[in-house]
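Here are some notes to read alongside the model, written as numbered points. Please keep the structure open as you go through them.

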Amino acid sequence: MATVHLRIGDLVWGKLGRYPPWPGKVVSPPKDLKKPRGKKCHFVKFFGTEDHAWIKVEQLKPYHPHKEEMIKINKGKRFQQAVDAVEDFLKKAKGKEQNSDSKAESKGKKTRNKPLKILEEDDEDLSALKDPSEKDTGSTSIQAADSTAINGSITPTDKRNVSCLSCRIGFLGLGLMGSGIVSNLLKMGHVVTVWNRTAEKCDLFTQEGARLGRTPAEVASTCDITFSCVSDPKAARDLVMGPSGVLQGIRPGKCYIEMSTVDPETITEISQVITSRGGRFLEAPVAGSQQLSNDGMLVILAAGDRTVYEDCSSCFQAMGKTSFFLGEAGNAARMMLILNMVQGSFMATIAEGLTLAHATGQSQQTFLDILSQGQMASTFVDQKCQNILQGNFKPDYYLKHIQKDLRLAISMGDTANHPTPMAAAANEVYKRAKALDQSDNDISAVYRAYIH
């Protein structure tokens, strides 16, 4: 078995996906955490974030030789705070090491710098990596955060400092968005149990190391944190309150996170029944598409129990580029509907512009070229327009779902006695597209409502 010149406890710069190199420390993984398949990597705890991740060997550099280089190329307040945390750690560690060394010499034992080996796929016991010299403490120092991650346990007093990498994760719903989310959770080393109404969709993920849950109730009862991402309010309610639903598996302390885009009334109802059983509730709908879900670049809107939001930092890091906490439950649903109302209305307007260009003898490609050079230029506009011009309506976000979101946004406006005439007009166009059998196509297929 090959080894690397890094040891448990060594300070490093770790490059994780799209993020800049960040200061961290090589630590032991939780006992029940599997190493990602086919990767030679180390388990790293990042300073300043309390996040942990498997980092490929080629994405790691020793801290001290590269310190000046990294400080020059990385800026920002959070980065500087992370570097300061490293320096503070070094000062504290120096004093502790002197005491530790004197005790070790008196006993004739060596207790530091155990080599960390690169695990191959046939390694069975990750707990063998644990440095026996690292002892659990009750303090709130950086070392304590590492120890908690190694233990893989959550208690009422320390749970807010624990990465959810050490938790058992459940995920219900493997549609366009859920599939990408689960894939990224597995890639980041999370232990995930999956369930889907169409069981065959689970096969791909069980082959990648996920566990299979037989019912939503079973998933909720066996997992610490359960996510759900389904199509609409009825599906969300049925998943929780239906036969063998989540509610039957909720126990005090269990977390339930609703990621579906639904109305605030549905969120309130689900929140109430979950918390009535002693569960902890968070809503976390996501802004994005199938491609962004696959790329781990979703935007997460969260509301409800803030401690759940904090506990799930590594989960949200795996699935998204950023997250927002919006306060009490229901606020994320409101914001998500507003965002999707704008997106749906905008897509309908772009489709209308393309058809008007054609009707007046203008080049649709030239229309797109001009758009891409102006103030409205965006990846969204470019991709959707290219799809239309190519006649490619493979779903990245279902047309039927954006129409559902427009309907819910209009209803929310009615409740607030606020007019939504633009959304109402767009909603009628999407309804026509649905009548033309475009429901399961991409939202850009609204274009067909204008040409038939």
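1. Please bear in mind throughout that the model is a predicted one. Ser244 is found in the loop that runs between helix 7 and strand 12, and its phi is near 55 degrees, a positive value in a residue that is not glycine. As background, most residues other than glycine have a negative phi.

2. Is Asn417 buried or exposed? With a relative accessible area of 72%, Asn417 is exposed.

3. How do helix 7 and helix 8 pack, and at what angle? Helix 7 (residues 233-241) and helix 8 (residues 264-276) pack at about 5 degrees, and their axes are 10 Å apart. Because angles under 35 degrees count as roughly parallel, helix 7 is described as roughly parallel to helix 8. On the side of helix 7 the contact is made by Pro233, Ala236, Arg237, Val240 and Met241, while helix 8 contributes Glu265, Thr266, Glu269, Ile270, Val273 and Ile274. Sorted by class, this contact has seven nonpolar, one polar and three charged residues.

4. Phe227 belongs to strand 11 (residues 225-228), and its relative accessibility of 0% is why it counts as buried. Leaving aside neighbours within four places in sequence, Phe227 is in contact with several residues, among them Ile169, Phe171, Ile257, Cys312 and Met319. Gly178 lies 49 residues from Phe227 in sequence, and the C-alpha atoms of the two are 9.3 Å apart. Ring pairs also link Phe227 into a cluster with Phe171, Tyr309, Phe316 and Phe325.

5. The count of aromatic pairs comes to 11. One of these joins Tyr256 and Phe281, whose ring centres are 6.5 Å apart and whose planes meet at 35 degrees, so the pair is tilted. Tyr256 lies in strand 12 (residues 255-258) and Phe281 in strand 13 (residues 280-283), so the pair ties together parts that are 25 residues apart in sequence. Both Tyr256 and Phe281 are buried.

6. Finally, two lysines deserve a look. Lys45 lies over the face of Phe47, at 4.7 Å from the ring centre, and the charged end of Lys400 sits over the ring of Tyr398, 5.1 Å from its centre.

Note on methods
Residues numbered from 1 in each chain as written. Predicted model: local features only at pLDDT ≥ 70, side-chain atom pairs only at ≥ 80, totals over all residues. Heavy atoms only, no water. Axes fitted to C-alpha atoms, helices over the stretch in contact; angles between N-to-C directions. Helix = DSSP H or I, 4+ residues; strand = E, 2+ residues; numbered from the N terminus. Parallel < 35°, antiparallel > 145°, perpendicular 65-115°, else oblique. Contact = heavy atoms within 4.5 Å. Nonpolar A, V, L, I, M, F, W, Y, C, P; charged D, E, K, R; others polar. Buried < 20%, exposed > 50% of the residue type's maximum accessible area, 1.4 Å probe, protein only. Phe/Tyr/Trp six-rings, centres within 6.5 Å; stacked < 30°, edge-to-face > 60°. Lys NZ or Arg CZ within 6 Å of the ring centre and 35° of its normal.
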